[in-house]
Structure formats: C-alpha cells, structure tokens
Amino acid sequence: SWVRETLWNLFHDEGAALWECGESASQVAWAKAMPSASPEVMVQEINTRFKELNFALESPVLVLERIDGDTAVVTLQRSYVVTEQMGSTGAQCYFAGVTFSLTSFVNIDHVRFDIEEGNHGGPGRYDRADFVHLLPLELGHP
C-alpha cells in the first residue's frame, strides 16, 4: 500500500540525502540526494541551505563534533537563533531536518545536540521517530 511504501522510504534511505522542512514548517521532506557526501559535507550543505532559505535570520552554524557509536554529536554556534528566534515549530523543523539528514548515513541512527537550552528547543538525543508529527504522510494519497 502507499502508506507502507512511504514509511519504508522514510526509514530506509538508499543513500545520504538532505532533508528539510517546507515553507509551512509542517512536514520534513527529502530535498536532495547526496550519495557521495560524508557527514561533514552534509553539515556544510545544511549550513549553506539555511543561509539561502532564511536570509532574514542570522545563521546558526551546525558543527559535527564527532560520531560516537551510532550517534552524530553536533553543536550549534549561535544556537539562540534556533532555540529563541524561530519559534517552537521552526526549532522542531530545524532539529528534524538535521536529524533526518544525518541519519540518512549508514550507521548513524541518532543525533545528539549539545546546545544551550532555549525557550523553543534544547539539548537532546533525537532519531527519526521523535519527529513522526512532521512526516510527510497525508490521508487520501494513492
């Protein structure tokens, strides 16, 4: 069925890919295949895309600190942009896009954000299941 196929695609990437939220910030979606990218290159792409799509905001800078087992450990320079200035929905979309993008790599199942707590987001370890409310599943699709 369509739902089963969509869920399979969401949780079983066929290669590294950039994921991001759309303009409505209501869904995280596949944006760009990056089959030869490394996690470091993916982080650079995330930073570049944020600047391009959110030119009115100061850019946070995502930094991949290390891969610790199955977890990508990241920090955010200017984390307040995400945790204080983007609202709860914007922060959740940012965290979801980073999480889906980095977990598109084999052997990375989680992303740990080592950042300061803010009103709309804070530190934590996330995986794709933490963002089920943002999955691009709509009733009535074939």
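**Figure 1. The loop that holds Arg 78.** Arg 78 sits in the loop that runs between strand E4 (71-77) and H3. In this predicted model, the phi of Arg 78 is near 55°, a positive value in a residue that is not glycine. Most residues other than glycine have a negative phi. Arg 78 has a relative accessible area of 33% and is therefore partly exposed, since it falls between the limits of 20% and 50%.

**Figure 2. Tyr 80 in helix H3.** Tyr 80 belongs to helix H3 (residues 80-85). Its relative accessible area is 35%, so Tyr 80 is partly exposed. Leaving aside residues up to four places away in sequence, Tyr 80 touches Glu 58 and Gln 85. Tyr 80 and Gly 122 are separated by 42 residues in sequence, and their C-alpha atoms are 9.6 Å apart in space.

**Figure 3. The whole protein chain.** The protein chain contains 4 helices and 6 strands. Along the sequence these elements follow the pattern α-β-β-α-β-β-α-α-β-β. The chain has 142 residues, of which 42% count as buried. Where contacts join residues at least 6 apart in sequence, 57% of them join residues at least 24 apart.

**Figure 4. Helix H4.** Helix H4 covers residues 87-102, which makes 16 residues. From its first C-alpha to its last, H4 reaches 23 Å, close to the 22 Å expected at 1.5 Å a residue. How much of H4 is buried? Of its 16 residues, 12 are buried, so H4 is largely enclosed by the rest of the structure. The buried residues include Gly 90, Ala 91, Cys 93, Tyr 94, Phe 95 and Ala 96. Also buried in H4 are Gly 97, Val 98, Thr 99, Phe 100, Ser 101 and Leu 102. An α-helix has 3.6 residues a turn, so residues three or four places apart point the same way.

**Figure 5. Leu 102 and its contacts.** Leu 102 is placed in helix H4. Its relative accessibility is 0%, so Leu 102 counts as buried. Which residues does Leu 102 touch, not counting residues up to four places away in sequence? They are Pro 39, Met 42, Val 43, Ala 72, Val 74, Ile 108 and Val 111. Leu 102 and Leu 64 are 38 residues apart in sequence, with 9.8 Å between their C-alpha atoms.

**Figure 6. The loop that holds Asn 107.** Asn 107 is part of the loop between H4 and E5. Although Asn 107 is not a glycine, its phi is positive, at about 75°. Is Asn 107 buried or exposed? Its relative accessibility is 59%, so Asn 107 counts as exposed.

**Figure 7. Aromatic pairs around Tyr 126.** The whole structure holds 7 aromatic pairs. In one of them, the ring centres of Phe 113 and Tyr 126 are 5.7 Å apart and the planes meet at 65°, so the pair is edge-to-face. This pair links distant parts of the chain, with Phe 113 in strand E5 (residues 110-113) and Tyr 126 in strand E6 (residues 124-126), 13 residues apart. Phe 113 has a relative accessible area of 0% and is buried. For Tyr 126 the relative accessible area is 17%, so Tyr 126 is buried as well. Tyr 126 also forms an aromatic pair with Phe 131, with 5.6 Å from centre to centre and 40° between the planes, and this pair is tilted. Phe 131, like Tyr 126, is buried. Ring pairs link Phe 50, Tyr 94, Phe 95, Phe 113, Tyr 126 and Phe 131 into a cluster.

**Figure 8. Arg 128 and Trp 19.** The side chain of interest here is that of Arg 128. Arg 128 lies over the face of Trp 19, at 5.2 Å from the ring centre.

**Figure 9. The largest pocket.** The volume of the largest pocket is about 470 Å³. Among the 19 residues that line this pocket, Glu 20, Cys 21, Gly 22, Leu 53 and Asn 54 are the closest to its centre. Strand E1 (17-21), helix H2 (39-53) and H4 are the elements that each give two or more residues to the lining. Which of the elements gives the largest share of the lining? The largest share comes from H4, with 6 residues.

Notes: Residues are numbered from 1 along each chain as its sequence is written. This is a predicted model: local features need pLDDT of at least 70, side-chain atom pairs count only at pLDDT 80 or more; totals for chains, interfaces and linings use all residues. Side-chain values use heavy atoms; hydrogens and water are left out. The expected span of a helix is 1.5 Å times one less than its number of residues. Buried means under 20% relative accessible area, exposed over 50%, partly exposed in between (1.4 Å probe, protein chains only). Rings of Phe, Tyr and Trp (its six-membered ring) pair if their centres lie within 6.5 Å; planes under 30 degrees apart count as stacked, over 60 as edge-to-face and the rest as tilted. A charge sits over a ring if NZ of Lys or CZ of Arg is within 6 Å of the ring centre and within 35 degrees of the ring normal. Contact means heavy atoms within 4.5 Å. On a 1 Å grid over the protein atoms alone, a cavity is a set of points where a 1.4 Å probe fits but cannot get out, and a pocket is an open set with protein on both sides within 12 Å along at least five of seven lines; lining residues have an atom within 4 Å of a point. Grid points are joined across faces, edges and corners, and a volume is the space filled by probe spheres set on the points.
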